[in-house]
There are 2 protein chains.
Amino acid sequence: MKIESVDFFYLKMPVIRDIGDGSQDALVVRVRSGDLTGWGECEASPLVSIANAVCPPSHSACRNIVEQVLGVEINTPEDIAVLDQSVRARGMDIAQTAHTFSGVEIALWDLLGKKREEPVFQLLGYDTAYPKTPYASLLFAETPDKTYQAARTVQSQGFRAVKFGWGGYGRGAVENDRDQVHAAREGIGLDGTLLVDAGTVWGEDVEAARQRLAALEEVRVTWLEEPFIGNAVHAYRELKGYCKTIKLAAGEGSQDVFSARHLIDAGGVEFIQIDAGRVGGIAPAKIIADYALAKNVTFVNHTFTTHLALVASITPFAGVQSAEICEYPFQSTELAKSLVVDPVAPTNGQIVLPEGPGLGVELDLGTISEFLVDVEIKFDGKVLYRTPLV
Amino acid sequence: MKIESVDFFYLKMPVIRDIGDGSQDALVVRVRSGDLTGWGECEASPLVSIANAVCPPSHSACRNIVEQVLGVEINTPEDIAVLDQSVRARGMDIAQTAHTFSGVEIALWDLLGKKREEPVFQLLGYDTAYPKTPYASLLFAETPDKTYQAARTVQSQGFRAVKFGWGGYGRGAVENDRDQVHAAREGIGLDGTLLVDAGTVWGEDVEAARQRLAALEEVRVTWLEEPFIGNAVHAYRELKGYCKTIKLAAGEGSQDVFSARHLIDAGGVEFIQIDAGRVGGIAPAKIIADYALAKNVTFVNHTFTTHLALVASITPFAGVQSAEICEYPFQSTELAKSLVVDPVAPTNGQIVLPEGPGLGVELDLGTISEFLVDVEIKFDGKVLYRTPLV
């Protein structure tokens with residue numbers, strides 16, 4: 001089938017708060033061929049990715065996304081892989097390329113699944129989508145007491161795992177951070193899985209991270225996520241030498257298979273966290289899932305946005321039974337909660353991917369209309385982009 | 001001094017050809033404080049970087065560049081470093097951030113140098129800017145004979161070194177590539193330095209690269225540049241095992257210090273090529289130059305655009321006497337040639353950085369006006385960006 005249109009929809013909440021909540025806006029991508037429609041989503045900065053989708057060329061390795069996707073024949077998973085290679089080669093000198101293409105690639109898988117009447121996880125070669133244990137992903141609250149309350153709430157809603165991150169963690173006294181993680185452990189209970197996300201707060205300062213390890217291990221935190229900038233693999237490797245029971249997790253910033261491999265091979269991370277909306281889509285995420293399995297590293301999705309992004313990010317490791325845990329946005333905005341008609345809800349503390357064709361989710365067009373923003377980009381007197389009709 | 005304005009100018013040639021010539025457009029940045037003006041330039045895709053400069057926030061780690069630069073006090077090199085950290089942290093989830101900030105950072109150094117009445121290389125701690133041997137950077141011609149002629153022309157103009165790259169190299173038969181590099185060696189002469197740039201043509205296919213090594217070593221090519229995608233360090237490491245006399249070069253895609261360190265430490269490259277217009281500016285490039293020196297690796301600038309970019313990219317290793325060679329755009333467009341009033345011309349086969357305050361180059365405002373494009377970005381009814389007055 002020939003790809004006849006590629007459209008980008010910039011959705012946002014009326015007010016964007018200056019907190020680490022990635023669900024406040026979304027860039028949704030629609031591809032069409034004949035009567036079929038596929039949907040995808042790009043992580044992060046909608047305006048930058050829209051510009052990347054339509055930008056004028058600078059030279060042969062600095063070209064936009066849309067011109068390479070329109071008119072392409074997509075009939076097999078291999079066709080998507082070939083397009084991925086060409087988009088990366090022709091967009092090599094634009095740093096945003098993988099971010100932007102991610103949403104398109106996801107939409108193409110959704111479209112192909114609908115055409116083939118198969119779920120995407122089966123197109124990837126998995127027979128089964130195993131249930132995953134979702135961890136509720138929360139920001140650290142202002143005080144240990146509020147963090148305790150938040151963990152209690154999560155636990156009372158049937159979650160067996162919780163992750164706290166960002167907020168003030170790692171920025172103040174070591175003792176404060178200790179109080180926070182103790183409060184989180186009390187709240188989720190002795191049997192719960194507790195994870196901590198430092199949000200790259202220590203840059204590449206291994207000593208700052210090392211000072212927090214004792215408290216994290218006291219309360220049996222399973223992983224410490226992103227103590228450092230994602231690329232600072234030497235710091236990960238050094239910190240690993242100080243870890244007794246806790247493991248390191250990272251990878252959400254990966255824009256290709258290679259960055260994830262570095263984190264595993266040189267950084268020594270034991271949980272590799274991949275966002276299909278940033279790494280270039282579902283296929284690169286699947287390659288990383290395979291690589292992780294071979295290296296005895298656990299693949300985990302990174303998702304802090306909508307349930308479209310959630311399904312797209314779980315699909316690449318749906319069939320890996322040993323990778324049991326998955327990120328689950330818990331404090332999402334109204335936009336993120338309502339983008340799909342049937343959100344993926346936990347049952348008995350587990351979630352299961354939808355089995356319908358494609359990604360198996362239906363988008364709520366009313367939500368798109370409600371949160372859609374008008375954007376227009378003019379270049380040399382011509383309109384390069386204008387918000388499309390829903 | 002307080003930064004009072006930050007302006008982005010999108011310049012382009014009337015026609016952009018679909019070839020590997022990066023000098024066909026430019027994104028020039030102007031910063032102002034009182035009567036002083038600093039200039040910088042970002043590598044690659046002007047529209048994407050403009051969107052990144054002004055984009056609405058998505059969340060606390062996904063914010064634009066301009067809001068973080070306007071009103072900041074810049075009085076010392078340390079102030080620039082602090083701003084760099086904050087821009088990277090606040091723009092972490094936008095892949096384009098380092099590209100876009102590069103031009104601003106370069107402009108801030110230019111401004112600071114003018115304020116202090118010192119050249120930037122001295123602000124970096126270098127006493128002297130050593131002369132460098134420029135290599136003329138050319139695209140492989142369509143036939144070996146034309147490549148030979150091009151090398152002759154370069155040599156007759158006093159260049160002692162030449163690099164050929166891209167074109168059809170690596171895409172056809174191994175024998176064709178052999179003919180091309182033999183022609184290049186004949187053209188530049190036995191005493192000349194010959195370099196080859198494969199432009200990532202082999203992806204991560206080590207065998208395809210290995211098949212070309214014999215011919216490259218026959219004609220004593222000093223380095224083979226970017227046989228693979230910049231991030232595929234495992235492929236670099238593997239190919240290095242097959243190299244007898246030739247060395248590997250890479251790094252132009254580095255967006256931070258860490259990527260360059262990977263290429264050195266894990267990839268084993270012996271020439272690290274950094275574009276100040278992409279890595280985040282002059283200071284990160286200087287950190288890499290220091291690291292390279294400590295690791296016995298040679299730092300080289302990457303520059304395929306204007307003489308503003310050339311000076312900015314040479315400055316970080318101006319004082320490293322052992323790093324003798326520098327890239328020099330040879331087939332540039334009229335735009336790239338005329339952006340500065342006094343281009344940096346080779347004398348006796350060497351070039352020397354200007355000694356004036358800041359970057360020591362004066363911009364030709366007539367060139368900016370001549371090649372300037374009108375761009376407008378509207379968001380929710382408001383103008384976020386409109387091409388500024390020169």
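Q: Which residue of strand 12 of chain B stands opposite A:Lys378?
A: It is B:Glu376. A strand here is a DSSP run of E with at least two residues, a helix is a run of H or I with at least four, and both are numbered from the N terminus. Bear in mind that this is a predicted model, in which local features need pLDDT of at least 70 and side-chain atom pairs count only at pLDDT 80 or more, while totals for chains, interfaces and linings use all residues. As for names, residues are numbered from 1 along each chain as its sequence is written, and chains are lettered from A and ligands numbered from 1 in the order in which they are written.

Q: How do you know that strand 12 of chain A pairs with strand 12 of chain B?
A: Two strands pair if DSSP finds at least two bridges between them.

Q: Why is the relation between chain A and chain B called that of a two-fold axis?
A: A rotation of 180 degrees with 0.0 Å of shift along its axis superposes chain A on chain B, with an RMSD of 0.0 Å. That is the relation of a two-fold axis. Both copies use the same surface, and 100% of the contact residues of chain A recur in chain B.

Q: What makes strand 10 and strand 11 of chain A edge strands?
A: The open sheet of eight strands in chain A has the order 10-9-8-7-6-5-4-11, with parallel pairing. Strand 10 (298–301) and strand 11 (325–329) of chain A each have a single partner strand, so one side of each lacks a neighbour in the sheet.

Q: Why is helix 7 of chain B called roughly parallel to helix 8 of chain B?
A: The axes of helix 7 (174–188) and helix 8 (206–218) of chain B come within 9 Å and cross at roughly 25 degrees. Angles under 35 degrees count as roughly parallel, over 145 as roughly antiparallel, 65 to 115 as roughly perpendicular and the rest as oblique, so this pair is roughly parallel. The axes are lines fitted to C-alpha atoms, for helices over the stretch in contact, and angles run from 0 to 180 degrees between N-to-C directions.

Q: Which residues make the contact of helix 7 with helix 8 in chain B?
A: Helix 7 of chain B brings B:Val174, B:Asp177, B:Arg178 and B:Val181, and helix 8 of chain B brings B:Gln211, B:Arg212, B:Ala215 and B:Leu216. By class, this contact has four nonpolar, one polar and three charged residues.

Technical notes
Least-squares fit on C-alpha atoms with pLDDT ≥ 70 in both. Contact = placed C-beta atoms within 7 Å. Nonpolar A, V, L, I, M, F, W, Y, C, P; charged D, E, K, R; others polar.
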